[in-house]
Amino acid sequence: GFPQVLICTNGLRLARPGYLDELVDAGLTGVRLSFHDHRAEQAATLADVGASIGPRYPEVAELLLGRPDVRTHFYRIILASTIDSLPDYLRWLAERNRLGRAIDLTFGMPSMRGRLVTNPDLYPPLEGLRAQVEAAVALAVDLGFAPVVHHAPACLTPGSPERAACLHIATEQRNALDGPREATDFEGDARHGAACERCDAKHLGCHGLPAAYWERDATASEAWLTPIVYERDSA
């Protein structure tokens, strides 16, 4: 009786012939695809798998861009090594979109989980970050995407705060057996700064900047924060 059944995946198993068809037959309605680079070698490196994986990551992305029976939500993490390829990534997706509907795309910053805990070099530098992300969001809109920003402070895109998922999406965990819900933090270890006290976003769900930035340079992190004015749409 669930109206939507989704999986979160890097897509590798979807490359198996017929596997996606079996999932759809079983009731799958959507895929949240962690697709962090459109170039096969870079995608394999980010996934920490060997080069023998070949072009399967981009092939699966292209497969999903042609499946009208599955709603795909693309998730692209912003990393130091791949941030410059964002425009090419967006154009790659747009050129392969055969469904005639807007591509759901989420940009996210690294959070303190997994390999990102011990590899701070993966975090994109704050200098220039906001401009690059806002340019990518603008390009995505021009290409007909429906972009949002998640796992990031709302001031990453101060020019379009409505794109910040933390301002209008409440994250919670629900017990599937008896139904109780409780608020859950899916942002990892993030921290507010002094500037956040003057920001509407702090009171609407923004958790602040990932802790890795504070540990690297607290002064630069504080200087980067930009308080925003945002009124949640009551509708």
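**Exercise 1.** Is glycine 144 buried, partly exposed or exposed?

*Solution.* The model is a predicted one, in which local features need pLDDT of at least 70 and side-chain atom pairs count only at pLDDT 80 or more, while totals for chains, interfaces and linings use all residues. Residues are numbered from 1 along each chain as its sequence is written, and side-chain values use heavy atoms, with hydrogens and water left out.

Step 1. Recall the classes: buried means under 20% relative accessible area, exposed means over 50%, and partly exposed lies in between (1.4 Å probe, protein chains only).
Step 2. Glycine 144 has a relative accessible area of 38%, and is therefore partly exposed.
Step 3. Locate the residue: glycine 144 lies in the loop between helix H5 (129–142) and E5. Helices (H or I, at least four residues) and strands (E, at least two) are DSSP runs, numbered from the N terminus.
Step 4. Consider its surroundings. Not counting residues up to four places away in sequence, glycine 144 touches Ala102 and Ile103; contact means heavy atoms within 4.5 Å.

**Exercise 2.** Describe the overall build of the protein chain.

*Solution.* 
Step 1. Count the elements: the protein chain has seven helices and nine strands.
Step 2. Check the radius of gyration, which is taken over C-alpha atoms; the globule rule is 2.2 Å times the number of residues to the power 0.38. For 235 residues a compact globule would have a value near 18 Å, and the protein chain has 18 Å, so the two agree.
Step 3. Along the principal axes, the C-alpha atoms fill a box of roughly 55 × 45 × 35 Å.
Step 4. Of the 235 residues, 43% are buried.
Step 5. Among contacts with a separation of 6 or more, 68% join residues 24 or more positions apart.
Step 6. The protein chain exposes about 12,300 Å², of which carbon and sulfur atoms supply 51%. Such areas come from the Shrake-Rupley method with a 1.4 Å probe; for residues, only the protein chains shown count as cover.

**Exercise 3.** How many disulfides are there?

*Solution.* 
Step 1. Apply the rule that a disulfide is a pair of cysteine sulfur atoms within 2.5 Å. The count comes to zero.
Step 2. Cysteine 196 is in no disulfide, and its nearest cysteine sulfur, that of cysteine 199, lies 6.3 Å away.
Step 3. Cysteine 199 is likewise in no disulfide; its nearest cysteine sulfur belongs to cysteine 155, at 6.3 Å.
Step 4. Cysteine 196 is buried because its relative accessibility is 8%, and cysteine 199 is buried with a relative accessible area of 9%.

**Exercise 4.** Which residues does threonine 9 touch, not counting residues up to four places away in sequence?

*Solution.* 
Step 1. Threonine 9 belongs to strand E1 (residues 6–9), and it counts as buried because its relative accessibility is 16%.
Step 2. With that exclusion, threonine 9 touches Leu14, Val31, Arg32, Leu33 and Ser34.
Step 3. Threonine 9 and serine 34 are 25 residues apart in sequence and 6.0 Å apart in space, C-alpha to C-alpha.
Step 4. Serine 34 is buried, with a relative accessible area of 18%. Under the exclusion of residues up to four places away, serine 34 touches Thr9, Asn10 and Tyr75.

**Exercise 5.** Examine two residues in the loop between E5 and E6.

*Solution.* 
Step 1. Proline 161 is found in the loop between strand E5 (146–150) and strand E6 (172–174). Since its relative accessible area is 11%, proline 161 is buried.
Step 2. Apart from neighbours within four places in sequence, proline 161 contacts Leu167, Ile228 and Tyr230. Proline 161 and isoleucine 228 are 67 residues apart in sequence and 7.9 Å apart in space, C-alpha to C-alpha.
Step 3. Histidine 151 lies in the loop between E5 and E6 and is buried, with a relative accessible area of 14%.
Step 4. Most residues other than glycine have a negative phi. Histidine 151 has a phi near 55°, a positive value in a residue other than glycine.
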